[in-house]
Amino acid sequence: MIDGFLANATPPPLTGVVALVAPHAGYEYAGQVAAFSYALLKGRKFDRVVVIAPSHYESFGFASVYDGAAYTTPLGQVPVDRAFAAKLAAGSKLIRLSGLGHTPSPDKPEHALEDQLPFLQRVLGPSSLCPSSSATRAMKPAARWAWRSPSSSPAPTP
């Protein structure tokens, strides 16, 4: 599926790419759009990739940099750059090494980082990862979309 999305992605060439924004709504919804972002990285080499994603199921008031050794995807493991992660956490009280926002479970099916990593594996090959999750605006899943119902109250104020 990832290979098909990437084969159909033909973004205009760009130089000096230092950051990408890509959706994570799930491959069936946003995979092709995400592929246009990741296709910009084809043929480039990076020693380290920092991925910043939202946490949908856990609330915490800091940037959670994954404290594990690797993320596992269907395409294999992506090693975490633990030394760099530790440097980030040491540099700010707002950044901590933590598993919060990173570990999917049946009651917390987190997916924001998991949707991104296979694209990176395909376009970059081996590279180390510094995964970060932020959850300052996380809500319970049911409450997150309740305001969209015509019978519910107005949308929450950001």
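Mentor: Let us begin with strand β2 (residues 60–66), where 5 of the 7 residues are buried, so the strand is largely enclosed by the rest of the structure. Buried means under 20% relative accessible area, exposed over 50%, and partly exposed in between, with a 1.4 Å probe and protein chains only. Strands (E, at least two residues) and helices (H or I, at least four) are DSSP runs, numbered from the N terminus. This is a predicted model, in which local features need pLDDT of at least 70 and side-chain atom pairs count only at pLDDT 80 or more, while totals for chains, interfaces and linings use all residues. Residues are numbered from 1 along each chain as its sequence is written, and side-chain values use heavy atoms, leaving out hydrogens and water.

Trainee: In which sense do β2 and β5 pair, parallel or antiparallel?

Mentor: Two strands pair if DSSP finds at least two bridges between them. Here β2 and β5 (residues 95–98) pair in the parallel sense over 4 bridges, and valine 65 has leucine 97 as its bridge partner in β5. Strand β6 (residues 128–135) runs antiparallel to β2, joined to it by 4 bridges, with alanine 63 opposite serine 134.

Trainee: Which side chain makes a polar contact with that of glutamate 110?

Mentor: A polar contact is a pair of N or O atoms within 3.5 Å; within protein, one must be able to donate a hydrogen and the other to accept it, and residues adjacent in sequence count only if both atoms are side-chain atoms. The side chain of glutamate 110 makes such a contact with the side chain of histidine 56, at 2.6 Å. Glutamate 110 lies in the loop between β5 and α4 (112–124), and it is buried, with a relative accessible area of 9%.

Trainee: How are the rings of tyrosine 38 and phenylalanine 119 arranged, stacked or tilted?

Mentor: Rings of Phe, Tyr and Trp (its six-membered ring) pair if their centres lie within 6.5 Å; planes under 30 degrees apart count as stacked, over 60 as edge-to-face and the rest as tilted. By this rule the count comes to 6 aromatic pairs. For tyrosine 38 and phenylalanine 119 the centres are 5.2 Å apart and the planes at 5 degrees, so this pair is stacked. Tyrosine 38 belongs to helix α2 and phenylalanine 119 to helix α4, 81 residues apart, and the pair thus links distant parts of the chain.
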